[in-house]
Amino acid sequence: MANRWLRPEVYPLFAAVGVVVGICGMQLIRNICFNPEVRVNMENRAAGVLDNFSEGEKYAEHFVRRYVRNKAPEIMPSINSFFTDPK
């Protein structure tokens, strides 16, 4: 029965599902730990609505967003330029 699921054809499916589960887990941990609007303990929930714009700005402007801000919106720029730029 175990050999039925562990065929080599299934490995890419396991890898894709593993990557998706990892991304979802990373986003869940990021939101619980670093989102300024999420309050897990009772003391922070009792504080009510806070005007913490700097903390929200720090959360929204993370490393990936700062890195791609000045980049061209292309997935593979070298291949795009190879097929579009005349030589």
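Biologist: Leaving aside its neighbours within four places in sequence, which residues is Asn-35 in contact with?

Modeller: Please bear in mind that this is a predicted model. A contact is a matter of distance between heavy atoms, with 4.5 Å as the limit. By that reading, and with neighbours within four places in sequence left aside, Asn-35 is in contact with Arg-30 and Tyr-59. Asn-35 itself belongs to the loop between α2 (11–34) and α3 (42–46).

Biologist: Is Asn-35 buried or exposed?

Modeller: The word buried is used for a relative accessible area under 20%. Asn-35 has a relative accessible area of 17%, and therefore it is buried. Tyr-59 likewise has a relative accessible area of 17%, so Tyr-59 is buried.

Biologist: Where is the place of Tyr-59, and which residues does Tyr-59 touch, not counting residues up to four places away in sequence?

Modeller: Tyr-59 is in helix α4, which covers residues 53–60. Not counting residues up to four places away in sequence, Tyr-59 touches Gln-27, Arg-30, Asn-31, Phe-34, Asn-35 and Pro-36. For one of these, Asn-31, the C-alpha separation from Tyr-59 is 9.4 Å, although the two are 28 residues apart along the chain.

Biologist: Which residue is 21 residues apart in sequence from Glu-55, and what is their C-alpha to C-alpha distance in space?

Modeller: That residue is Phe-34, and the distance between the two C-alpha atoms is 9.2 Å. Glu-55 is found in helix α4. Its relative accessibility is 42%, so Glu-55 counts as partly exposed.

Biologist: Which residues does Val-38 touch, not counting residues up to four places away in sequence?

Modeller: With those residues not counted, Val-38 touches Asn-31 and Ile-32. Val-38 lies in the loop between α2 and α3. Because its relative accessible area is 35%, Val-38 is partly exposed.

Biologist: How many helices and how many strands does the chain have?

Modeller: There are six helices and zero strands. Read from the N terminus on, the elements run α-α-α-α-α-α.

Biologist: How many of the residues count as buried, as a percentage of the chain?

Modeller: The chain has 87 residues, of which 5% count as buried. As for the surface, the chain exposes about 8200 Å², and carbon and sulfur atoms supply 66% of that area.

Biologist: How many aromatic pairs are there?

Modeller: Aromatic rings are judged by the distance between their centres and by the angle between their planes. The count comes to two aromatic pairs. Phe-63 and Tyr-67 form a stacked pair, 6.1 Å centre to centre with 25° between the planes. These residues are separated by about one helical turn because they are four residues apart in helix α5. Both Phe-63 and Tyr-67 are exposed. Phe-82 and Phe-83 form an edge-to-face pair, 5.1 Å centre to centre with 80° between the planes. Both Phe-82 and Phe-83 are exposed.

Biologist: Which residue has its charged end over the ring of Tyr-67?

Modeller: It is Lys-71, whose charged end sits over that ring, 4.7 Å from its centre.

Biologist: How many salt bridges are counted, and which side chains meet in a salt bridge?

Modeller: A salt bridge is read from the distance between a side-chain nitrogen and a carboxyl oxygen, with a limit of 4 Å. The count comes to one salt bridge. The side chains of Arg-69 and Glu-61 meet in it, at 2.2 Å from N to O. Arg-69 has 47% relative accessibility, so it counts as partly exposed. Glu-61 has 21% relative accessibility, and therefore Glu-61 also counts as partly exposed.

Biologist: Which residues make a nonpolar surface patch?

Modeller: Ile-75, Met-76, Ile-79, Phe-82 and Phe-83 make a nonpolar surface patch of about 630 Å². Phe-82 and Phe-83 are thus members of the patch as well as partners in the edge-to-face aromatic pair.

Biologist: Where is Met-76 found, and why does Met-76 count as partly exposed?

Modeller: Met-76 is found in the loop between α5 (63–68) and α6 (77–84). Met-76 counts as partly exposed because its relative accessibility is 49%.

Methods. Residues are numbered from 1 along each chain as its sequence is written. This is a predicted model: local features need pLDDT of at least 70, side-chain atom pairs count only at pLDDT 80 or more; totals for chains, interfaces and linings use all residues. Side-chain values use heavy atoms; hydrogens and water are left out. Patches are made of residues with over 30% relative accessible area and no salt bridge: like charges are joined within 9 Å, nonpolar side chains (Val, Leu, Ile, Met, Phe, Trp, Tyr) within 5 Å. Accessible areas come from the Shrake-Rupley method with a 1.4 Å probe; for residues, only the protein chains shown count as cover. Helices (H or I, at least four residues) and strands (E, at least two) are DSSP runs, numbered from the N terminus. Buried means under 20% relative accessible area, exposed over 50%, partly exposed in between (1.4 Å probe, protein chains only). Rings of Phe, Tyr and Trp (its six-membered ring) pair if their centres lie within 6.5 Å; planes under 30 degrees apart count as stacked, over 60 as edge-to-face and the rest as tilted. A charge sits over a ring if NZ of Lys or CZ of Arg is within 6 Å of the ring centre and within 35 degrees of the ring normal.
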